Amino acid sequence: MKKKLSGEKVFHIFDIIVMCIFMALIIIPIFTVLMTSFVSEAEIARRGTFILIPEEFDFSAYQMLFAGGKNIIRAYGNTLFRTIIGTFLNLLITISLAYGLSRKEVKGRMFLTGFVFFTMLFSGGMIPSFILVKGMGLIDSRWSMVLPCLVNTWNLLIMRNFFYGIPKSLEEAAVIDGANDMQILGRIVLPLSKASIATIGLFYAVGHWNAWFDSMLYINQTALLPMQNILRNIITAASSVGDLGAEAYNSLDVVPPSQSIRAATIVVTTLPILAVYPFIQKYFVKGVMVGSVKG
């Protein structure tokens, strides 16, 4: 006799099919962008922009992106400085504030929490922010991309709620052993908060890596611009050849189409940060869900 499929097996089969469909919907656009970056102008004119496999791989788009040589490397250095130093300072300030707001014995804790939450609803705006940065003497400085955004209120509240979920009995036992607040934070709270720290740190790092608008406002020297702004200028130059575009085009025998340059720009800007995700992904669900449910 043929065995009938149980409801559980049918559900698993349906679940696998749905997940494969979702995976294809995610992978196909990424793969298409990657392949488009290797397509020549003639092939795009003949086949259109939706190309899964190029007839012949053309690297002119990447040659144009890296034609600047030192400019691209310097821009990557600025981006790495912003991402690494900015993320470190973000975590340092966020952990310090979140730990203080999670301590019930701190006087005025609820008022301070409400004051922090108020900043999520209202902000000074672009012009007051520019006046503040200029008044601090940070114009044309790498620190103008780091110091004005030291704390994200949402991330701060998530981490504070995560700290709420740590059993107080562990802290009480440490106090009995003679530990002070700094020792409790360093030896008990932080080791138990690796999931939250890794997740929030990745949020900060991705935000710094993708940011470009603030550097456009505060940075006037090309040598201090991060990678996102340089690539934005290249994309603009690809549509209408300007000074940067002419310099890049002169180094190529064939002018790449703007679609290939846009695709190559997406690959260059997203590939490094995507390489970090496999190392952080296991902390995602625990880090975000626990921090958002507790408290």
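Author: Ala, Val, Leu, Ile, Met, Phe, Trp, Tyr, Cys and Pro count here as nonpolar, Asp, Glu, Lys and Arg as charged, and the others, Gly among them, as polar. With those classes in hand we can read the linings in this structure, which is a predicted model.

Reader: How many nonpolar, polar and charged residues make up the lining of the largest pocket?

Author: The lining divides into 15 nonpolar, twelve polar and two charged residues, and the pocket they surround has a volume of about 810 Å³.

Reader: Which residues lie nearest the centre of that pocket, and which helix gives the most to its lining?

Author: Of the 29 lining residues, Ser129, Pro148, Cys149, Val151 and Tyr218 lie nearest the centre. Two or more lining residues come from each of α4, α6 (126-135), α7 (153-164), α10 (194-210) and α11 (213-218), and α6 gives the most, with five residues.

Reader: How should I read a cavity, and what lines the largest one?

Author: A cavity is a space where a 1.4 Å probe fits but cannot get out, whereas a pocket is open. The count here comes to one cavity of 30 Å³ or more, and about 40 Å³ of space lies in the largest cavity. Its lining consists of Asn71, Arg74, Ala75, Asn78, Thr222, Ala223, Leu225 and Ile230, with helix α4 (residues 70-101) supplying the largest share, four residues; by class, four of the lining residues are nonpolar, three polar and one charged.

Technical notes: Residues are numbered from 1 along each chain as its sequence is written. This is a predicted model: local features need pLDDT of at least 70, side-chain atom pairs count only at pLDDT 80 or more; totals for chains, interfaces and linings use all residues. Side-chain values use heavy atoms; hydrogens and water are left out. On a 1 Å grid over the protein atoms alone, a cavity is a set of points where a 1.4 Å probe fits but cannot get out, and a pocket is an open set with protein on both sides within 12 Å along at least five of seven lines; lining residues have an atom within 4 Å of a point. Grid points are joined across faces, edges and corners, and a volume is the space filled by probe spheres set on the points.
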